[in-house]
Amino acid sequence: MRILYIDIDTLRPDHLSCYGYPRNTSPNIDRICRDAIRFDNCYVSDAPCLPSRAACWTGRFGIHNGVINHGGTHADLNLEGAKRGFLGNFRRANLTAIIKYPEFHTVSVSPFAERHAAWWFYSGFKEMHNTGKIGSERADEIVPIALDWLDRNVDRDNWFLHVNVWDPHTTFRTPMEHGEPFEDQPPPDWPPEEMIQHHFSSYGPHGAQEVSGFAPVERAKDFPRDLPQIRNRDDFTRWINGYDTGIWYADMWVGKLLEKLEAQGILDDTMIVVTSDHGENHGELGVYGDHHTADHITCRVPYLLRVPGLTDGGRIDPLFHYQMDLSATLLELLGKRVPPEWDGRSFAEALKAGEDEGREELIISNNAWACQRGVLWDKWLAIRTYHTGYKAFPEYMLFDLEADPHETVNLSGTYPDVLAEGMLRLERWTSDMLDSSDSGMDPMRTVIREGGPFHANDNSPEIPTYLERLRDTDRGYYADWLQENGGRPIPDGAPWAVALKPGQSPLKKPFTG
């Protein structure tokens, strides 16, 4: 058995043509999809990059494995303490460590471990090819290494090859020699002009007025597809063209992997996975070009599983799954035992029977850009915010994802009984997770004590500078609020929560309650 695991950073499923996107962004991934199971509601339990891959590879929620942030105490796996064996449990219970033993040759081509100082990620790989630019690589700097490995191992069986490309991630860097593949194709209808205008007058890192972070950064000389601000629909069109072109470019290089396997005569016998570490907000909740939220947009990822002889002809699985569930499913399909400490649940037997089996609810988290937990069930998404990451978030949000997939209308006051059900589900999950954790402690509380999410931390020197920028750009009323309240959620119904209230003008004075 040969396994190709394609890991495309920052990839929203709703921007893949095989997931229904009207632009033809992914012809080669579409080819894989035709003989794969397309999981339509696969979510990472912990976002973004580092917590996501930690959960996927260890099979455990961040509340259990300890990795929920991009810095501070909880950017590292929990120490195993007195129970640690000679090899260490995570070395034995890691996804690739389990796949490796005893017969698989495991290989990774990725800068991920160095980018996040996540050296545990190398555990289980017999070969690790660090491409060396800590995530700023293009696919043409990564995939050729994998192609060369395939050439040198053409006669080898039983391998697992992880190929990690980053092109959809900002800064958009597809070479300009490829032109503008989507300039003649209509952009998405959302967000409308009035929504962009309200986002521009609002605040928060990676908002429309500061898409590079806490201040606009002009990179057009080196990155012509990049924009420092999104002022209107024309800017948004250029912006989303850059994102979609990154997907298209990654897909082009996925095609070269398929061509290589086909030329070697092994494509039809190779298991293929296509997935991502998280999605990307492009205006949702006021965030552009980053992954700040515990929601449908940041946490939903594509997952295609092609198993020759089992998934031929393809089908769609519409049910809820954690990405770590599909890690567990992959193990069982390979005849491996899922470790009892894993939170991921295998659905291999249902898959082999041609049936759909999933979760009733999912709990999703983000603690690197905001401290939030979300609950998904039926058509609902309920979010509780513990630290806003300096964005216009109230403590509670509720969205009807069937009617409002871009999360524009907060229904928490309209359906308090539904919100209460969501919070009850969250409380029950949190209690169960703490009862089954080694320490009984919630790592999110440590993150908050350390000043909040790493990228928007109360102790960051960027915060005072950002408050001055707000005052210099006619947004001093927000600076006054943030200076007094930091990352505290905004009051329910605050009229300047423009990221959640399209069509309503923000107050031009401090909020007084």
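Which residues line the second largest cavity? They are Ile37, Phe39, Arg315, Asp317, His321, Leu326, Thr329, Phe347, Ala350, Leu351, Glu355 and Glu357. Welcome to this structure, and please keep in mind that it is a predicted model. The points below walk through its cavities, its aromatic rings, its cysteines and one asparagine.

**The second largest cavity**

- Its volume is about 60 Å³.
- Four elements each supply at least two residues of the lining of the second largest cavity: the strands β2 (37–43) and β12 (315–322), and the helices α11 (323–333) and α12 (348–352).
- Of the elements around the second largest cavity, β12 gives the most to the lining, with three residues.
- Sorted by class, the lining of the second largest cavity holds six nonpolar, two polar and four charged residues.

- The largest cavity has a volume of about 80 Å³, and 16 residues line it.
- Ser202, Tyr203, Gly204, Gly207 and Gly286 are the lining residues closest to the centre of the largest cavity.
- By class, seven nonpolar, six polar and three charged residues make up the lining of the largest cavity.

**Aromatic rings**

- A pair of aromatic rings is described by two things, the distance of the centres and the angle of the planes.
- The structure holds 19 aromatic pairs.
- One of them joins tyrosine 5 and tryptophan 57, whose ring centres are 5.4 Å apart and whose planes meet at 75 degrees, so this pair is edge-to-face.
- Tyrosine 5 sits in strand β1 (residues 2–8) and tryptophan 57 in helix α2 (residues 49–58), so their pair ties together parts that are 52 residues apart in sequence.
- Tyrosine 5 and tryptophan 57 are both buried.
- Tryptophan 120 and phenylalanine 121 also form an edge-to-face aromatic pair, with 5.9 Å from centre to centre and 75 degrees between the planes.
- Tryptophan 120 counts as buried because its relative accessibility is 17%, under the 20% limit for that label.
- Phenylalanine 121 is buried too, with a relative accessible area of 1%.

**Cysteines**

- A disulfide is a covalent bond between the sulfur atoms of two cysteines.
- A search of the whole structure finds zero disulfides.
- Cysteine 33 is in no disulfide, and the nearest cysteine sulfur, in cysteine 18, is 4.3 Å away; the cut-off for a disulfide is within 2.5 Å.
- Cysteine 33 is buried, with a relative accessible area of 12%.
- For cysteine 49, the closest cysteine sulfur is that of cysteine 299, and the distance of 12 Å is too far for a bond.
- Cysteine 49 counts as buried, at 2% relative accessibility.

**Asparagine 485**

- Asparagine 485 lies in helix α16 (residues 476–485).
- Is asparagine 485 buried or exposed? With a relative accessible area of 13%, asparagine 485 is buried.
- The side chain of asparagine 485 makes a polar contact with the side chain of arginine 488, at 2.8 Å.

Definitions and conventions: Residues numbered from 1 in each chain as written. Predicted model: local features only at pLDDT ≥ 70, side-chain atom pairs only at ≥ 80, totals over all residues. Heavy atoms only, no water. Buried < 20%, exposed > 50% of the residue type's maximum accessible area, 1.4 Å probe, protein only. Polar contact = N/O pair within 3.5 Å; in protein donor to acceptor, adjacent residues only side chain to side chain. 1 Å grid on protein atoms, 1.4 Å probe; cavity = no way out; pocket = protein on both sides within 12 Å on 5 of 7 lines; lining within 4 Å. Points joined across faces, edges and corners; volume = space filled by probe spheres on them. Nonpolar A, V, L, I, M, F, W, Y, C, P; charged D, E, K, R; others polar. Phe/Tyr/Trp six-rings, centres within 6.5 Å; stacked < 30°, edge-to-face > 60°.
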